[in-house]
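Q: I have a structure open and would like to go through it with you. Could you help me read it, one topic at a time?

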Amino acid sequence: MTTGIQLHDIALVPERTLGSPAHGGLLHGRLTFGWDLLPADHEGAPADWLAHVRATPEREFRRLLLVCSFRPETPQARGAFRHASLALALTTPDPARRPVARLIEPGERTRPVAGPGTGLSFTVATGLVDLGVERQPGEGPGREEWIVRGHGASQPDPQWEFRRLRRLPLVGDHPVAALVELVPGLVNTAEVLVAAELEHRSWGIRRYRARLGPTSRGITLSTGDRQPQPPGDAD
């Protein structure tokens, strides 16, 4: 797949809750985000997406790619990612006519979980974490658990959840995508919301919202003239 997604550092803003530390400020360097907008028939699109587009030639689609990249804690920004979510609100100026995410990817992304007599091996390269399972000879297939789960196919408000597993931290690049069916003749926009939970040794679990820049918070999918908008900076 040929695409040029540029990731930009996103500040995490803590939500004030009862008992949260008053001095807790923004977290920097823990989350990066980027996106790209492609034609529906762009190279590398899943075969079922291409089949769907070709079966409905009278409709207009865009392929929206998004990447959340979670970084390990640092002395300046402590806390381990426990759970995160990426949500889209697809809109037009007419509230009664909204784009829909006909197909989303992934519906579910899983990783094997070690059972009795198994061990785990980790490989980290270019920000991506790959988990391998080492089994004893003769053992059957292991159990799988989800690390990314998508919701809202054929809806105007798709969402993806990201979570850590017991022996697999929530770090690295996590790409997701939506095949968006546009409303013809209108400006189509994707409003983006990213939230996360981090677990701190002294504070416990704390919730944050990402402070996205204008071109990432509101992505123009179509201006009504069938021309996709090029991606811009997050700030």
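**Salt bridges and other contacts**

A: Glu197 and Arg82 form a salt bridge, with their closest N and O atoms 2.7 Å apart; a salt bridge here is a side-chain nitrogen of Lys or Arg within 4 Å of a carboxyl oxygen of Asp or Glu. The pair links distant parts of the chain, since Glu197 lies in strand 12 (residues 188–200) and Arg82 in strand 4, 115 residues apart.

Q: What kind of model is this, and how are residues numbered?
A: This is a predicted model, in which local features need pLDDT of at least 70 and side-chain atom pairs count only at pLDDT 80 or more, while totals for chains, interfaces and linings use all residues. Residues are numbered from 1 along each chain as its sequence is written, and side-chain values use heavy atoms, with hydrogens and water left out.

Q: Is Glu197 buried or exposed?
A: Glu197 is buried, with a relative accessible area of 14%, whereas Arg82 counts as partly exposed at 34%. Buried means under 20% relative accessible area, exposed means over 50%, and partly exposed is in between, using a 1.4 Å probe and protein chains only.

Q: How many salt bridges does the structure hold?
A: The structure holds 13 salt bridges. One of them joins the side chains of Glu15 and Arg209, at 2.9 Å from N to O. Glu15 lies in the loop between strand 1 (8–14) and strand 2 (27–39) and Arg209 in strand 13 (residues 204–211), so this pair ties together parts that are 194 residues apart in sequence. Glu15 is partly exposed at 25% relative accessibility, and Arg209 is partly exposed at 37%.

Q: Which residues are linked in a network of salt bridges?
A: The network links Glu58, Arg59, Arg102 and Glu181. Within this group, Arg102 forms a salt bridge with Glu181, the closest N and O atoms being 2.6 Å apart. That pair also links distant parts of the chain, with Arg102 in strand 5 and Glu181 in strand 11 (residues 172–181), 79 residues apart. Arg102 counts as partly exposed at 25% relative accessibility, while Glu181 is buried at 13%.

Q: OK, what about Asp9, and what does its side chain reach?
A: The side chain of Asp9 reaches the backbone nitrogen of Gly29 at 3.0 Å. Asp9 lies in strand 1 and is partly exposed, with a relative accessible area of 34%. Asp9 and Arg211 are 202 residues apart in sequence and 9.8 Å apart in space, taken from C-alpha to C-alpha.

Q: Changing topic, how many aromatic pairs are there?
A: The count comes to two aromatic pairs, where rings of Phe, Tyr and Trp (its six-membered ring) pair if their centres lie within 6.5 Å, and planes under 30 degrees apart count as stacked, over 60 as edge-to-face and the rest as tilted. Phe70 and Phe81 form an edge-to-face pair, 5.0 Å centre to centre with 65 degrees between the planes. Phe70 lies in strand 3 (residues 61–70) and Phe81 in strand 4, so the pair ties together parts that are 11 residues apart in sequence. Phe70 and Phe81 are both buried, and ring pairs link Phe70, Phe81 and Phe162 into a cluster.

Q: And Ser85, what is it in contact with beyond its sequence neighbours?
A: Leaving aside neighbours within four places in sequence, Ser85 is in contact (heavy atoms within 4.5 Å) with Gln159, Trp160, Glu161, Phe162, Leu193, Val194 and Ala195. Ser85 is in strand 4 (residues 80–91) and is buried, with a relative accessible area of 16%.

Q: Which peptide bond is cis?
A: The bond from Glu105 to Pro106 is cis, with omega near -5 degrees, and Pro106 is found in the loop between strand 5 (100–105) and strand 6 (108–113). Most residues other than glycine have a negative phi, and most peptide bonds are trans. Ser154, a residue other than glycine, has a positive phi near 65 degrees; Ser154 sits in the loop between strand 9 (143–151) and strand 10 (159–163) and is partly exposed at 35%.

Q: Last one, how many helices and strands are in the chain?
A: The protein chain has two helices and 14 strands, where helices (H or I, at least four residues) and strands (E, at least two) are DSSP runs, numbered from the N terminus. Buried residues make up 44% of the 235 residues in the protein chain.

Note on methods:
Polar contact = N/O pair within 3.5 Å; in protein donor to acceptor, adjacent residues only side chain to side chain.
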